[in-house]
Amino acid sequence: MTVRVLVDVPSTADETRWRSALAAAYPEGEWLADDANDVDVLVAWRPRADRFVRTRVRRAIFNLGAGVDALLALPTLPFDVPVYRLTDAGMAEQMAQYATAAVLRAFRELDAYAAQQRDGAWRARPPRDKATFGVAVLGLGVLGRAVIEALRPFGFPLHGWARTPATLPGVTVHAGPDALRDCLAEAAVCICLLPSTPGTRDLLDATRLAWLPRGAHLVNLARGELVVDADLVALLDAGHLAGATLDVFRTEPLPAGHPFWHHPAITITPHVSAATLHEASAAQVADGIRALAAGREPPGRVDRMHGY
Ligand SMILES: NC(=O)c1ccc[n+]([C@@H]2O[C@H](COP(=O)([O-])OP(=O)(O)OC[C@H]3O[C@@H](n4cnc5c(N)ncnc54)[C@H](OP(=O)(O)O)[C@@H]3O)[C@@H](O)[C@H]2O)c1
């Protein structure tokens, strides 16, 4: 039986690109026009607000991203239709590159050397001991684990925080809300790779950011909502935190005039730490639809109760 598929992505240019990548990866599907009111599968990234009023989705929704927060926020999203998200699809390698760059930049004090260069100062700083430079990764999912593996060769003490207990060789895993303080206390660099859910929004507020040791760096690669902006700025201004590398923001693009833009201790990138790759993502979605059609469960099913 031919699977009837609809694509819903925000811009027309994007839609053309996604439709051609998806149709090439899954040529046996019937690709429907936007006004279809009954489909087997919806492939979507931030679908239009009235999508589920206009269109009945019978079998599954494939989210064209790892984070499902925007999709799950739609009040009309049917609860009985399974949602699948991208797992890796080329993002893990990119995250590992970005996170490694941020950690090494902090460990090797490249910002301090850049400041010395501006002052014309030729001055070696004392070497630092990797054994006392802990790195904590919040979120030990597909992306968090890829970051841990990329950091492993450098010999930093590695810590991870997740909702449920896990065993990862060479990593001290902290699980659940009561374990967060111990995890943060070990982090010279804290890398955030948590999903945005009711359990994680505003997680890194003044209290919890202060659990990081003095001089720590925060690297947020997940979602802006996880960090309380004003609390982060206050801790940087107070000198408790040394720096923050931020790829994600509560409002994107980051509004002009936001205090992050010109803060000397903040590095900003425009949500580029792991781009969604069209061909790799389309191939994963195509495999998922084929699995469904064959009566198998595709990978990446979202747990609607926990929101990720
Ligand atoms: N900046 C970018 O370009 C970009 C690109 C892709 C993704 N992202 C973000 O990265 C996030 C992570 O992606 P992923 O594929 O690695 O997700 P994932 O595989 O679902 O992993 C999520 C991890 O977070 C943990 N977690 C969830 N809720 C928690 C809570 N309340 N307390 C403690 N830990 C909690 C989970 O714990 P368990 O292991 O116990 O389940 C799991 O380890 C996405 O949700 C998205 O927001 C950003």
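Phe156 counts as buried at 6% relative accessibility (buried is under 20% relative accessible area, exposed over 50% and partly exposed in between, with a 1.4 Å probe and protein chains only). The model is predicted, so local features need pLDDT of at least 70 and side-chain atom pairs pLDDT 80 or more, while totals for chains, interfaces and linings use all residues. Residues are numbered from 1 along each chain as its sequence is written, and side-chain values use heavy atoms, with hydrogens and water left out.

**Exercise 1.** Classify the ring pair of Phe107 and Phe156, and state which parts of the chain the pair ties together.

*Solution.* 
1. Rings of Phe, Tyr and Trp (its six-membered ring) pair if their centres lie within 6.5 Å; planes under 30 degrees apart are stacked, over 60 edge-to-face, and the rest tilted.
2. Seven aromatic pairs occur in the structure.
3. For Phe107 and Phe156, the centres are 4.9 Å apart and the planes make 75°, giving an edge-to-face pair.
4. Phe107 belongs to helix H4 (residues 91-107) and Phe156 to the loop between helix H6 (142-151) and strand S7 (158-162), so the pair ties together parts 49 residues apart in sequence. Helices (H or I, at least four residues) and strands (E, at least two) are DSSP runs, numbered from the N terminus.
5. Phe107 is buried, at a relative accessible area of 13%.

**Exercise 2.** Classify the ring pair of Phe154 and Phe156, and name the aromatic cluster that holds both.

*Solution.* 
1. The ring centres of Phe154 and Phe156 are 6.2 Å apart and the planes lie at 25°, so this pair is stacked.
2. Phe154 is partly exposed, with 32% relative accessibility.
3. One aromatic cluster is formed by Phe107, Phe133, Phe154 and Phe156.

**Exercise 3.** Describe how H4 and H6 cross, and list the residues that meet.

*Solution.* 
1. Two packed helices are described by the angle and the distance between their axes.
2. The axes of H4 and H6 come within 8 Å and cross at roughly 50°. Axes are lines fitted to C-alpha atoms, for helices over the stretch in contact, with angles from 0 to 180 degrees between N-to-C directions.
3. H4 and H6 are therefore oblique (under 35 degrees is roughly parallel, over 145 roughly antiparallel, 65 to 115 roughly perpendicular, the rest oblique).
4. From H4, Met91, Ala92, Met95, Ala96, Ala99, Thr100 and Val103 meet Leu143, Ala146, Val147, Ala150 and Leu151 of H6 (contact means heavy atoms within 4.5 Å).
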